[in-house]
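This report concerns a single protein model, shown below with its sequence.

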Amino acid sequence: MCRVGYMGIPFSNTEAMAKELCAQEGIVDYELVPLMSAVHVIDALVKGEADLGVLAVENAFAGPVMESVDAVRGHDVLVMRSGWCHIRHSVFTKSADSKVRRLVSHIQALLQSQDNLKRLYPDAEWVECEDTAYAAEMLADGTLDDDCAAVCRRDAGEHYGLYLRDEDVQDNPENMTRFELIRLG
């Protein structure tokens, strides 16, 4: 069985693309290993704890995913397959009457939605976290205060039983991110 490490946790965009890229590559017998960050993916490959990795590498509008650029620096990385994924962001709160004072998500999601987030939540502070789905998980489990909102995929917010406040908040309706299925050379 092939162990495929990916940035993020279940219900992240990278998990969805890990499944897609494995299918495109014809890999059917695999185990997805959530590793939260690009550096953890590379570390797992180096240590032999993962056979392949999946990284978000570039957004069509927000540019390179610097976390991935920095993580691969100095490593002999071979790209097996690459693909673009349409990225949609939603805002979830703990309940319908939650006041939003902080928006929590991965920096890429915040950047990809910055104009709409500033318009919808002009006084909200931005708080970066490791993954969009992780923001939803932390809001649901009480790690984040009730005045926070998670910016994540719709299925992540729904999985954690959060309230859908706003859908499709990405600034560009054609928001796309390129992901790569990689191995070390």
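## Basis of the model

The model is predicted; local features need pLDDT of at least 70, side-chain atom pairs count only at pLDDT 80 or more, and totals for chains, interfaces and linings use all residues. Residues are numbered from 1 along each chain as its sequence is written, and side-chain values use heavy atoms, with hydrogens and water left out.

## Strand S9

Strands are DSSP runs of E with at least two residues, and helices are runs of H or I with at least four, numbered from the N terminus. Cys148, Ala150 and Cys152 point one way from S9, while Ala149 and Val151 point the other way.

S9 pairs with S6 in the antiparallel sense over 4 bridges and with S7 in the parallel sense over 3 bridges; pairing requires at least two DSSP bridges between the strands. Cys152 in S9 is the bridge partner of Ser90, and Ala150 in S9 stands opposite Val104.

## Ser98

Ser98 is located in the loop between strand S6 (90-93) and strand S7 (102-105). Because its relative accessibility is 7%, Ser98 counts as buried. Apart from neighbours within four places in sequence, Ser98 is in contact (heavy atoms within 4.5 Å) with Thr93, Asp146 and Arg165. A polar atom of the Ser98 side chain lies 3.0 Å from the backbone nitrogen of Ser95.

## Thr14

Thr14 belongs to helix H1 (residues 13-25) and counts as buried because its relative accessibility is 7%. Beyond neighbours within four places in sequence, Thr14 is in contact with Tyr6, Met7, Val54 and Phe179.

Definitions and conventions: Buried < 20%, exposed > 50% of the residue type's maximum accessible area, 1.4 Å probe, protein only. Polar contact = N/O pair within 3.5 Å; in protein donor to acceptor, adjacent residues only side chain to side chain.
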